[in-house]
Amino acid sequence: MGFTCGIIGLPNVGKSTLFNALTGAHAPMENYPFCTIEPNKGIVPVPDPQLYTIANILKKKDPIPTRIEFVDVAGLVKGASKGEGLGNMFLSHIRNVDAIVHVIRCFTDKDVVHVEGDIQPLRDIEIIHMELLLSDIEVLTRAKEKIEKKARSGDKENAQRLQIIDKLFTHINDGVMLSRIPLTQEELSLCNEYGLISAKPMIICANVDEYGDSNHAFKSLQEYAMHHGLGLVAISAKVEEEIAELPLQEQQEYRKALGVDRSALERLIVTAYSMLDLITYYTITTQLQAWTIKNGTTAQKASGIIHSDFEKGFIRAEVFHYDDLMHYKSLHAIKEHGLLRSEGRDYIVKDRDIIHFLFSV
């Protein structure tokens, strides 16, 4: 299991160029709004050097990395929440993603028109954020209309739900993105149920001309992201797309020459994992495979990601850690030193745990 990221932004900010660089999917790109109508989707393996290190030590062939899906939707414009530029349809495509990558134009290509006339990153952010908030208001309004009557008749469950909706309304009406405020687990569950976009973790992706540039547009984004607690990644989508066309060895050499240590995909994933509080664990029963889960997940819940039967019939988890494998270099030595542990259903899975689940059907 991996996670999904929706790529959003105004038209002509480089979303499809970034999508192509990340996925190699060659989505169409043109210098006009709404070139992308149907969402482009691409699933790519998450770069994971540890996975291949484990495979080498344990002699496991063809290890399976966890994956990330990118969903590139058409550019949003003012009035998108009311259907402008087919906005309602475009917004619906990102209601079920785990996180949002908001591409902001910082590059200065005069041949690529800007729908607002000039480059002002903070204005562009607020345009999109306002549309997300208005769209969520519409969703919550419809939800409220459906449950109000039941709540007033004494239905406790719907009364509690209505109370949460009213609280969320208060924040949104104040122009506050729900992702910027602390929410209870119950409130988060309701946000996920209704697909509230403003509650999703957001990464700001500054699309710059060249790596190493630090123009006024990018500096303003840095200050904004720091103030609002948002992830920020500077990426030259055009350069990354060019790099993606090169053989792997040449890609590494080119990046080194540019002073960039990791690919755009790696930098986005590191930021997304941090923002979503995700970790990776591995299974080795038959084939070596990586799995992505929320930090704090129990062994029983983690097993359910593989198959629901694992969770239902969970008996125990046999666990050892990547660091111990690196030290002792074999599963036999791990066992000899008593580092293969038997853990119950409430064990909290750690990042880079290597697990064999035992279950009954």
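**Stop 1: helix α2.** The buried residues of α2 pack against β7 (278-283), β8, α13 (322-328), α14 (331-336) and β11 (353-359). Bear in mind that this is a predicted model. Select residues 49-58, which make up helix α2, and colour its buried residues: Leu51, Ile54, Ala55, Ile57 and Leu58. Now look down the axis of α2: these buried residues fall within an arc of 170 degrees, so they line one face of the helix. Pro49 and Asn56, on the other side of α2, are exposed. Then select Lys59, which follows α2 and has a positive phi, near 55 degrees.

**Stop 2: helix α7.** Select residues 216-228. How far apart are the end C-alpha atoms of α7? They are 19 Å apart, which agrees with the 18 Å that its 13 residues should span at 1.5 Å a residue. Colour Ala217, Phe218, Ser220, Leu221, Tyr224 and Ala225, the buried residues of α7. Seen down the axis of α7, they lie within an arc of 155 degrees, and so they line one face of the helix. To see what covers these buried residues, show the elements that include β4 (99-105), α4 (121-152), β5 (202-207) and β6 (231-235). Turn to the other side of α7, where His216, Glu223, Met226 and His227 are exposed. Gly229 follows α7, and its phi is positive, near 70 degrees.

**Stop 3: the largest pocket.** Rolling a probe the size of a water molecule over the atoms shows where empty space is left. The largest pocket has a volume of about 1000 Å³. To find it, select Asp98, Asn192, Pro201, Leu276 and Lys294, which lie nearest its centre among the 35 lining residues. Next show α6 (185-194), α10 (264-276) and β8 (289-294), the elements that each give two or more residues to the lining. Which of them gives the largest share? That is α6, with five residues. Coloured by class, the lining of the largest pocket shows 19 nonpolar, 11 polar and five charged residues.

**Stop 4: Gln300.** Select Gln300, in helix α11 (residues 299-306). Is Gln300 buried or exposed? Its relative accessible area is 18%, and buried means under 20%, so Gln300 is buried. Show Glu311, Phe314 and Arg345 as well: leaving aside neighbours within four places in sequence, these are the contacts of Gln300. Phe314 is 14 residues from Gln300 along the chain, yet their C-alpha atoms are separated by 6.2 Å.

Conventions:
Residues are numbered from 1 along each chain as its sequence is written. This is a predicted model: local features need pLDDT of at least 70, side-chain atom pairs count only at pLDDT 80 or more; totals for chains, interfaces and linings use all residues. Side-chain values use heavy atoms; hydrogens and water are left out. Helices (H or I, at least four residues) and strands (E, at least two) are DSSP runs, numbered from the N terminus. The expected span of a helix is 1.5 Å times one less than its number of residues. Buried means under 20% relative accessible area, exposed over 50%, partly exposed in between (1.4 Å probe, protein chains only). The arc is that of the directions from the helix axis to the C-beta atoms. Contact means heavy atoms within 4.5 Å. On a 1 Å grid over the protein atoms alone, a cavity is a set of points where a 1.4 Å probe fits but cannot get out, and a pocket is an open set with protein on both sides within 12 Å along at least five of seven lines; lining residues have an atom within 4 Å of a point. Grid points are joined across faces, edges and corners, and a volume is the space filled by probe spheres set on the points. Ala, Val, Leu, Ile, Met, Phe, Trp, Tyr, Cys and Pro count as nonpolar, Asp, Glu, Lys and Arg as charged, and the others, Gly among them, as polar.
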